[in-house]
Amino acid sequence: MISSGMGLFDEFIPDPSIACPKCAEGALEGFQGKHSGHALFVWRQGIAHPIRQMVDEEIRWSDEQLEKFRLPADEPIAAGFGTCDSCGYQSSYWVDIVLSDGIWTGVSADGPPLPAIHLNHGWIQCPGCTAAYFLGIRGLYFCEPCKRLLR
């Protein structure tokens, strides 16, 4: 049986971690991303190969086999949906995986969500470009023109 979640993905663990934008006490973990060759691997920044595989033991590749895998150097990789290890906040924060000589060396992150301007009748506005969104029940909104998260 494979790990929970829909479809195949890899998990990415930034090192150093990314601070939670909600509580600022914990770190966002469990970023999920897809790229060619994803096979429920767990990648840790700074290590060339996956550190484990999220499948049952009887079908899991050995450590020696995992050492043969690398992230694809010729395609962009973005990962999102980190969860705070302290408060449990689930973020749609996205990070771009930065590779150097085939090793994950850094992240280019969107940064913490921008505080939205609250308008009348349940609408919010992006402070960067003035795009407006109906508040609804979500806590985070993706501003298409700015490519930033709003809270």
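This is a predicted model: local features need pLDDT of at least 70, side-chain atom pairs count only at pLDDT 80 or more; totals for chains, interfaces and linings use all residues.
Local features need pLDDT of at least 70, side-chain atom pairs count only at pLDDT 80 or more, and totals for chains, interfaces and linings use all residues. Residues are numbered from 1 along each chain as its sequence is written, and side-chain values use heavy atoms, without hydrogens or water.

Asp10 is found in strand E1 (residues 10-13). Strands are DSSP runs of at least two residues and helices (H or I) of at least four, numbered from the N terminus. Asp10 is buried (under 20% relative accessible area, with a 1.4 Å probe and protein chains only). Asp10 has no salt bridge (a side-chain nitrogen of Lys or Arg within 4 Å of a carboxyl oxygen of Asp or Glu). The nearest side chain of opposite charge, Lys34, is 10 Å away. A polar atom of the Asp10 side chain lies 3.2 Å from the backbone nitrogen of Leu40. Asp10 also touches other residues, including Phe31, His35, His38 and Trp43; contact means heavy atoms within 4.5 Å.

Ala73 lies in the loop between helix H1 (63-66) and strand E7 (78-80). Ala73 counts as exposed, at 65% relative accessibility; the cut-off is over 50%. The C-alpha atoms of Ala73 and Asp101 are separated by 7.8 Å. These two residues are 28 residues apart along the chain.

Ile117, Leu119, Trp123 and Phe134 make a nonpolar surface patch of about 370 Å². Such patches join nonpolar side chains within 5 Å, from residues with over 30% relative accessible area and no salt bridge. Trp123 is in strand E12 (residues 123-125). Trp123 is partly exposed, because its relative accessible area is 38%.

Definitions and conventions. Patches are made of residues with over 30% relative accessible area and no salt bridge: like charges are joined within 9 Å, nonpolar side chains (Val, Leu, Ile, Met, Phe, Trp, Tyr) within 5 Å. Accessible areas come from the Shrake-Rupley method with a 1.4 Å probe; for residues, only the protein chains shown count as cover. Lys and Arg count as positive and Asp and Glu as negative; His and the chain ends are not counted. A polar contact is a pair of N or O atoms within 3.5 Å; within protein, one must be able to donate a hydrogen and the other to accept it, and residues adjacent in sequence count only if both atoms are side-chain atoms. Lists of a residue's contacts leave out its neighbours within four places in sequence.
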